[in-house]
Amino acid sequence: MNLGKMDVFEFKDAKCNPDIIHPYTQNLKNNSVPIVIDNGSYMSRAGWSTSEAPVLQFKNIIAKPRKERSKKDTIEPIQIPQLQVGNDILNIEAVRFQLKTQFDRNVVTHFEAQEHLFDYTFTHLGIDTENSVNHPLFLTEAFLNPNTSRQLMSELLFECYGIPGVVYGIDSLLSYHYTQAKPLENALIINLGYQTCHVIPVLGNKTVFENTRRLNIGGWNVITFLHRILQLKYPAHAAAVTLSRAEELLHTICVIASDYKEEMKRWTDNEYYEKHIKKIQLPFSSASTSSALTLEQQKERKRELARRLTEINARKREERLAEDQEKLRQLLEIQEIIDFGADKDEVDNILAEYQLRNVNDLQKSILNLNMKIEKIKQKITAANNTEDLEEPPVKQAKLSKMVFENESALHSFLDNIKKMKQDILNKKLMRKQRKQDIFKRRTAAGQERMRIISQLARKEKGNDDFGMRDEDWDIYKTISKDGGDSDSDVENEKLLEFEEILRTHDPQEFDEHANLGELHQLHVGIERYRAPELIFKPYMSGSPEAGLSEVIGYVLSLFGDEDQLKLAANVVVTGGLANLKGLRERLLVDLISIRPFRSEISTMACADAVLKFLQEHNRPFSNNDIQSGVKGSGDFGKAAVQKSLDVLVRHDKVKEKVYGKQKVYCIIQKHDASGSKLREQLLEMDRQVNDITLKMNEVNEKLKSKSQLVKNMKGKMTLTEAIQQNVELDGELESIKQQLLKYHGTQTISPTKKLEVEKEFEKYLSHYKKRKRMCMDILNSILENYPKTKKQLFEDIGVETDEDVGFSIEKL
């Protein structure tokens with residue numbers, strides 16, 4: 001989310017980039033490298049076990065567009081729309097209601113969708129073997145996945161893809177071991193997933209499955225809850241507040257409050273509200289509407305459109321006239337053939353070719369075409385005459401050029417104009433409201449419409465005289481779908497005229513619409529705290545389940561006092577919601593409230609450890625250096641450190657700098673008055689840089705001169721090459737001498753004779769080209785009325801071209 005002017009945020013609306021098909025190298029194919037797939041309920045990550053990072057990352061969704069209905073008359077085959085998977089879905093909101101996933105909660109149940117996702121994964125990994133995937137597979141699954149789901153998954157992998165072997169792993173436990181280089185023996189893992197949350201106790205490196213609990217609230221519920229409360233708050237922008245944008249808001253501005261009630265009390269203060277409110281700018285179009293155009297501009301636009309339509313119609317008439325004339329010419333030629341006494345069979349064939357039954361149909365067609373051509377010519381003449389007429393000048397509105405005696409007269413005039421404008425707007429609003437109410441069951445307009453319809457239905461069938469009287473028109477307008485009279489052109493023109501007057505004499509009337517951006521802004525205040533609070537208070541969305549803190553307390557109560565201390569001393573948070581602001585502090589507060597006095601509690605997150613390390617040392621570090629520095633805080637792995645750095649960079653707490661392939665991170669500095677030492681260090685470093693630069697320039701000059709000398713030496717021939725070239729030249733000289741001896745003593749042609757021959761050749765060549773052009777003109781004239789092709793004409797009359805006999809001027 002980008003920060004704009006005056007602390008106004010803008011949506012990124014990031015689009016997915018389609019995945020490429022990665023190369024399938026011989027090393028991967030021959031060594032049967034295992035494939036690793038993290039089959040999460042939100043994101044799927046796939047790659048090779050030899051890679052440090054996943055090769056593919058895409059959302060675990062597919063879009064199956066609906067089939068288009070074909071008309072009964074058409075015989076075209078029904079085209080099945082292409083299935084879109086993961087990153088191929090460029091605009092998720094456009095196909096939101098067609099999305100499908102293989103998960104029900106966090107358990108795979110729709111294996112047809114899972115098969116499409118496996119096809120997409122294996123294809124983009126580059127696997128091109130037929131009927132099988134000859135690689136072992138490591139696949140993640142949900143905690144305590146049902147045996148039926150695992151059985152159907154194994155059946156799909158072995159029967160459909162021919163996998164040689166598969167290993168399943170629990171995603172939350174793998175995440176715990178992956179994010180920490182040396183996991184402790186005891187831990188309380190809190191996995192905040194997209195569909196569910198799990199509280200998993202680990203004692204002595206063994207997972208206590210019977211004491212694990214699941215909470216059916218996850219990131220999806222938080223996103224939909226935030227989406228719903230924002231749409232209720234801004235019903236006018238309900239279409240602009242999408243689920244994708246709600247998800248972006250959740251990960252950028254939402255915060256978990258340490259004390260939810262106290263936070264809500266703070267927002268009752270106006271100063272606190274103005275200081276902490278987040279303004280989100282929605283996209284909008286500032287294009288001028290038709291009401292902003294003056295009456296003259298509207299009429300000019302209508303005249304321009306009429307002029308274009310006239311030109312289009314004239315062009316179509318001319319094309320139609322040309323077609324009719326060509327058809328008439330062909331029919332007249334048929335008539336001439338018949339008049340010359342052609343054979344009956346030949347005449348019947350010609351008439352059948354033009355879909356004519358007999359000579360009478362031919363004469364009728366000729367007559368109809370003559371009349372049609374005459375009418376089209378008359379229309380073209382009439383259209384040309386109307387274009388020559390001058391358009392009457394547009395009269396200026398009398399109200400717009402009035403002169404007032406004093407300011408009070410102007411104000412009274414403008415008040416009257418505003419009143420008349422408001423009356424027209426009220427009439428239009430009443431008509432619109434009536435049109436909406438007339439189809440509602442319990443409104444007065446709807447009941448009146450049904451009463452009139454029922455009265456009309458009670459009339460006798462043989463005495464149906466509705467519509468014969470003038471008052472029936474009022475009844476029809478009352479019960480019609482339009483709900484009565486519609487907006488007239490006179491009213492619209494009046495509104496345009498009134499707006500032009502107000503824009504001329506009272507421009508401040510339109511100042512309130514100058515900044516349209518403020519009308520398309522979301523002011524997100526307590527919603528930032530309400531949405532993520534759903535994890536701790538599921539009853540806010542109507543769920544009867546306990547909150548996360550209550551579930552953690554219940555899981556701890558299932559153990560003895562000694563085991564409770566071990567678990568509470570190492571609380572690890574994983575999952576997509578683990579990076580929400582304030583989550584660590586909230587868990588710490590809730591754990592303190594349910595644990596005994598002075599109990600050891602630790603909810604140290606990797607991001608907090610990284611930020612603390614950078615603040616203490618206050619200098620740039622690489623990822624490896626930071627990983628080594630935070631070992632004392634929790635011994636986090638490289639992946640966890642990199643993920644935490646990305647989060648801190650996104651929240652503008654850490655600065656990232658790229659040097660080639662290396663990334664360096666440092667804490668964002670606060671400006672203070674102790675910069676003299678830094679300036680001295682910078683000056684000293686500049687001096688060192690200058691000295692090294694001078695030395696480097698000297699070395700570069702020496703290198704340049706040596707390189708030029710080597711280049712010059714390479715450009716000259718060696719002695720062996722020179723001798724070889726001398727031998728070759730001697731051979732060529734001897735060959736030329738032998739050719740000269742052949743021509744020695746032969747008779748030569750004088751220049752005068754040569755000139756005469758060339759003139760004679762040019763003369764005959766000119767005659768040849770002239771006669772060829774005349775011949776081609778005659779043949780082209782014949783082709784204009786010849787029903788066959790040019791090649792067939794040449795065959796019929798026995799003409800051979802230069803190309804047919806292989807003749808060419810260039811060969812002479």
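Between which two helices does the loop that holds Asn618 lie? The loop lies between α20 (606–617) and α21 (623–629); helices here are DSSP runs of H or I with at least four residues, strands are runs of E with at least two, and both are numbered from the N terminus.

1. Basis of the note. This is a predicted model, in which local features need pLDDT of at least 70 and side-chain atom pairs count only at pLDDT 80 or more, while totals for chains, interfaces and linings use all residues. Residues are numbered from 1 along each chain as its sequence is written, and side-chain values use heavy atoms, with hydrogens and water left out.

2. Most residues other than glycine have a negative phi. Asn618 has a positive phi, near 55 degrees. Its relative accessibility is 40%, so Asn618 counts as partly exposed (buried means under 20% relative accessible area, exposed over 50%, partly exposed in between, with a 1.4 Å probe and protein chains only). Asp13 also has a positive phi, near 50 degrees. Asp13 sits in the loop between β2 (8–10) and α1 (26–31), and is partly exposed at 31% relative accessible area.

3. The largest nonpolar core. In soluble globular proteins, nonpolar side chains tend to be buried together. A nonpolar core is here a set of buried Ala, Val, Leu, Ile, Met, Phe, Trp, Tyr and Cys residues joined through side-chain atoms within 4.5 Å. The largest one has 48 residues, and Leu188, Leu226, Leu250, Ile280, Leu548 and Ile552 have the most contacts inside it. Elements that give two or more residues to this core include β13 (187–192), α5 (219–233), α17 (548–557) and α19 (583–594). Helix α5 gives the most, with six residues. Apart from this core lies another, of 30 residues, among them Val33, Ala113, Tyr120 and Ile163.

4. Helix α2. This helix covers residues 111–124, and its 14 residues should span 20 Å at 1.5 Å a residue; the expected span is 1.5 Å times one less than the number of residues. The end C-alpha atoms of α2 are 20 Å apart, which agrees. Buried residues in α2 include Phe111, Ala113, Leu117, Tyr120 and His124. Just after α2, Gly126 takes a positive phi of about 90 degrees.

5. A three-stranded sheet. Strands of a sheet pair through backbone hydrogen bonds, either parallel or antiparallel. Here three strands form an open sheet in the order β7-β6-β8, with antiparallel pairing; two strands pair if DSSP finds at least two bridges between them. At the edges stand β7 (84–85) and β8 (99–100), each with a single partner strand, so one side of each has no neighbour in the sheet. Strand β6 (residues 62–63) is joined to β7 by two bridges, and Ala63 stands opposite Gln84 in β7.

6. Cysteines. The structure holds zero disulfides, a disulfide being a pair of cysteine sulfur atoms within 2.5 Å. Is Cys254 buried or exposed? Cys254 is buried, with a relative accessible area of 3%, whereas Cys160 is partly exposed at 33%.

7. Asp590. This residue is in helix α19 and counts as buried at 15% relative accessibility. Leaving aside neighbours within four places in sequence, Asp590 is in contact (heavy atoms within 4.5 Å) with Phe536 and Ser549. Asp590 and Gly553 are 37 residues apart in sequence, and 9.0 Å apart in space, C-alpha to C-alpha.
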